[in-house]
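Subject: Structure handover

Hello,

Here is the structure I said I would pass on. My notes on it follow below.

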Amino acid sequence: MPTLVIDNREVTVPEGMNVLDAAKAIDIVVPHFCYHEALGAIGSCRLCAMQFLEGPVQGVKMACMVPAQDGMVVSTSAAEAVELREHVIEWLMTNHPHDCPVCDEGGECLLQDMTIAGGHYLRRYRGKKATYTNQYLGPFIEQEMNRCITCYRCSRTYRDYCGGRDFGVFGSRNRVFFGRYKDGQLESPFSGNLVDICPTGVFTDKPFRFKSRIWDLQEAPSICPQCSLGCSTIPGGRFRELQRIRSGINQTTNGFFICDRGRFGYGHVNHPERPRDPRVDGLPVTMEEAITAARNRVDALAAKYGGASIAFLGSPRASLEGNLLLQAWAGRVGSSQSVFDAHQGRDHAARSLAANLASLARSLSDVRQSDLIILIGADPLAEGPSLALAIRQAVRQGSEVIVIDPRPVALPCAHQHIPLPPQLLHMVLKALESGQYDELNDAQTQPAVKTLRSKIAQAKLPVLIGGADMLGGLGVKLLCDAAKRFISAECNIGVMVMLSGPNSFGGAFLNIGGPDFDALIDAFQEGRVRGLVCLESDPFREAQFPAKAQAALGHLELLISIDCTPTLAAKRADIFMPSRATAEMAGSFINNEGRLQAFHQAIEPGMPLSALGPGKHPPRLFQSTTPGATPQPAWQILGQLLDRPADLNQLRRTLAAENPKLKALTHVDTTAARICAEPNGIAAALTHEMFSADSSAGNVPLLITSAFVGSHWLSHLSSPLKALREEPTVWLHPSLAATLGLKHGERAILSTTLGRCHVRVQTSNDMAQELALTYQLLDSALEGMSPGTIINCRLTGEEGQ
């Protein structure tokens with residue numbers, strides 16, 4: 001590792017680090033605009049000039065462009081370097097407007113900081129400034145092009161890092177414009193990163209626009225609850241309103257960037273229909289009364305019918321502490337009926353992963369360094385968008401990407417797509433593991449799988465990626481078994497599986513060999529289970545077969561719900577207790593790689609000030625309590641039920657003592673440790689097939705999957721994301737569309753056992769031929785279609801009806 005001297009201070013840095021980062025490592029601030037750790041150096045702003053006094057490089061150089069080397073002696077305060085920086089910052093500021101008082105970037109503006117650091121404090125230019133007409137870029141990004149200093153960060157982030165194609169740089173010299181060819185909504189699902197990356201106020205957060213000054217926000221590091229990847233975020237709020245989310249920095253998971261679903265999907269916290277008051281039998285009560293009623297009624301039901309008559313349903317979006325205490329409540333009443341995901345297929349996939357992952361676990365950082373990535377039954381943009389970004393970074397370094405999936409999977413990078421029908425995915429995994437191809441009768445599939453085995457064996461850092469919806473429990477186990485077959489000194493292979501929620505792995509870890517929700521449904525119908533406690537879960541919507549679940553849930557004598565969103569379970573519960581959203585509490589999740597991560601409280605719960613009374617702000621009605629402030633963290637509610645410590649750190653120590661494999665809970669705030677389960681006791685049901693449909697008698701198999709927006713409960717409740725919601729659509733291969741007499745873009749009627757729905761027909765050559773595909777869309781006619789299942793359907797043109 002090279003050792004150099006900067007401003008008379010010696011520093012040793014890793015090989016390949018540039019001098020600018022070396023200076024930052026010892027807290028020496030050097031002005032810069034164009035350089036960013038995730039984007040690399042291009043030396044366009046010319047602001048990081050340093051004087052290289054001794055060593056292999058000498059003279060005034062751009063620090064971001066010079067690798068640190070042994071023997072270098074560098075000065076940031078040499079007169080020549082200081083003078084150059086003063087001139088450069090004055091040039092960059094020539095056309096910049098004097099609008100800091102009305103700019104949303106104020107308070108976190110890199111331009112403000114670096115202008116002063118660069119020695120520029122007086123505007124000498126009195127000529128006419130260059131001005132631009134701003135573009136409409138959609139509901140998320142507001143453009144103010146007059147503030148641009150042409151650092152090129154935006155285009156490098158959007159196009160180079162994120163793979164977007166509808167945004168770039170136009171013009172030349174002092175007439176450079178960054179935007180689209182014409183007005184329109186930005187197409188990339190990572191467009192919100194323009195807000196974080198822009199060092200000035202050119203691109204700002206439109207939903208957050210003019211709401212608060214940065215220094216007035218309450219912020220804290222948190223974890224995104226939108227998927228299972230565990231991306232780092234920083235939510236910020238004011239006046240009891242969550243007003244924005246920006247990306248945190250975690251090199252192991254998301255790096256520097258997040259997706260638009262994670263950035264703008266916070267509307268559930270401020271949702272006008274969010275239940276904020278406890279109820280018992282439909283009547284408002286205090287939280288203490290609701291807790292007492294829940295405890296007494298559960299105990300009474302257990303005394304009458306036995307502890308097994310009470311079931312406990314946790315959730316992939318509930319904290320690990322909450323799920324642990326729910327399981328402890330089940331143990332206290334003598335019940336073994338605890339489940340942590342109402343969707344049976346997703347539950348099986350998570351449990352299979354928790355039991356088989358172990359040393360195969362790979363992080364997003366590992367994916368970014370992989371030389372071969374094979375996705376089998378995985379759609380990253382729908383199931384874990386930041387994974388798509390990680391895959392793109394691997395491709396930029398020379399990695400090869402192969403997708404085996406019946407769906408037209410889109411990625412922001414070049415990839416090979418093999419569109420196999422769903423029933424062949426398990427066969428492909430078996431062939432990869434065994435080298436036997438007898439079950440693969442397709443003349444094209446056999447050679448493709450043989451080639452895959454050869455490529456995996458030759459790769460050094462391959463990663464196999466799967467999705468819970470398509471693979472199910474058996475598929476995840478086969479994926480892990482296939483990876484184990486290739487482990488060698490030369491091949492450091494790994495596995496990543498996208499699960500349904502931020503704590504899916506945590507719930508699976510707690511319930512490796514327990515019952516699934518399908519078993520509970522049978523118990524509801526047979527009267528063996530008469531009460532159900534739901535922790536931030538909604539079995540009415542989230543079950544793999546919602547209609548079957550709703551019929552069975554009608555047999556219950558007692559339904560208790562603890563939640564922070566307006567779910568059907570919360571509305572129909574006999575006893576309801578309001579909990580806090582992730583941004584309103586502290587807790588922890590275990591992400592899809594088994595990594596235990598803590599999140600912290602950013603704001604207190606309560607009705608947003610802007611929503612109170614006809615007078616808006618200031619309020620016209622004064623009271624001694626904060627409206628809507630009743631919600632408590634779910635773990636605190638359950639802790640009161642069980643007489644557990646009210647302090648989170650003390651509670652974690654208690655839980656870690658009771659669960660030795662979770663000893664990392666005691667230091668989760670400082671260390672993100674991986675948690676692994678034992679493979680013993682996995683339910684036999686994990687091996688059942690997930691797909692069944694009859695293609696005879698004019699039926700077409702319909703595969704149901706998730707959309708980027710519209711299929712996930714929390715993002716569904718967010719108003720800004722409604723602009724990304726797709727209309728009900730059915731995807732067909734062109735050959736199947738022709739057989740059915742349907743054309744691309746026309747309207748059709750989709751008929752299933754769940755009902756009829758008007759849909760738009762889309763065709764794609766990149767999907768399985770004898771298969772129809774649609775998305776689950778909440779609050780639509782497609783709501784009852786659960787991802788990960790195949791059912792029969794009929795498709796007819798609207799004109800024929």
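The residues lining the largest pocket divide into 20 nonpolar, 9 polar and 9 charged. Please keep in mind throughout that this is a predicted model. The largest pocket holds about 1,000 Å³ of space. Of its 38 lining residues, E187, P189, L381, A410 and L411 are the closest to the centre. Helix 11 (380-383) and strand 32 (772-775) each give at least two residues to the lining of the largest pocket.

The second largest pocket has a volume of about 700 Å³. It is lined by 26 residues, and those closest to its centre are H36, R153, D196, I197 and I249. At least two lining residues of the second largest pocket come from each of helix 3 (110-117), helix 5 (193-197) and strand 13 (241-247). By type, the lining of the second largest pocket has 12 nonpolar, 5 polar and 9 charged residues.

The structure holds 11 cavities of 30 Å³ or more, and the largest cavity has a volume of about 510 Å³. There are 32 residues lining the largest cavity, and R346, S500, S711, H712 and W713 are the closest to its centre. Helix 11, helix 15 (468-485), helix 18 and helix 23 (713-716) each supply at least two residues of this lining. The largest share, 3 residues, comes from helix 23. The lining of the largest cavity divides into 13 nonpolar, 11 polar and 8 charged residues.

Along the principal axes, the C-alpha atoms fill a box of roughly 85 × 75 × 60 Å. Of the 801 residues, 60% count as buried. Taking contacts between residues at least 6 apart in sequence, 72% join residues at least 24 apart. The accessible surface of the chain comes to about 30,800 Å², and carbon and sulfur atoms account for 50% of that surface.

One element I looked at in detail is helix 21 (residues 634-641). Why can helix 21 be called largely enclosed by the rest of the structure? The reason is that 6 of its 8 residues are buried. The buried residues of helix 21 are A634, W635, I637, L638, G639 and L641. They pack against helix 7 (287-305), helix 8 (320-333), strand 23, strand 24 (558-563), strand 25 (575-578) and helix 22 (648-658).

Leaving aside neighbours within four places in sequence, L638 is in contact with G322, L325, L326, W329, L535 and I562. The C-alpha atoms of L638 and L324 are 9.6 Å apart, although 314 residues separate the two along the chain. After helix 21 comes D643, which has a positive phi near 60°.

F210 is not a glycine, yet F210 has a positive phi of about 60°. F210 sits in the loop between strand 9 (203-205) and strand 10 (218-219). E536, likewise a residue other than glycine, has a positive phi near 50°. The place of E536 is the loop between strand 23 (531-535) and helix 18 (539-542).

Are these two residues buried or exposed? F210 is exposed, because its relative accessible area is 55% and the cut-off for exposed is over 50%. E536 is buried, because its relative accessible area is 4% and buried means under 20%.

Regards

Definitions and conventions
Residues are numbered from 1 along each chain as its sequence is written. This is a predicted model: local features need pLDDT of at least 70, side-chain atom pairs count only at pLDDT 80 or more; totals for chains, interfaces and linings use all residues. Side-chain values use heavy atoms; hydrogens and water are left out. Helices (H or I, at least four residues) and strands (E, at least two) are DSSP runs, numbered from the N terminus. Buried means under 20% relative accessible area, exposed over 50%, partly exposed in between (1.4 Å probe, protein chains only). Contact means heavy atoms within 4.5 Å. On a 1 Å grid over the protein atoms alone, a cavity is a set of points where a 1.4 Å probe fits but cannot get out, and a pocket is an open set with protein on both sides within 12 Å along at least five of seven lines; lining residues have an atom within 4 Å of a point. Grid points are joined across faces, edges and corners, and a volume is the space filled by probe spheres set on the points. Ala, Val, Leu, Ile, Met, Phe, Trp, Tyr, Cys and Pro count as nonpolar, Asp, Glu, Lys and Arg as charged, and the others, Gly among them, as polar. Accessible areas come from the Shrake-Rupley method with a 1.4 Å probe; for residues, only the protein chains shown count as cover.
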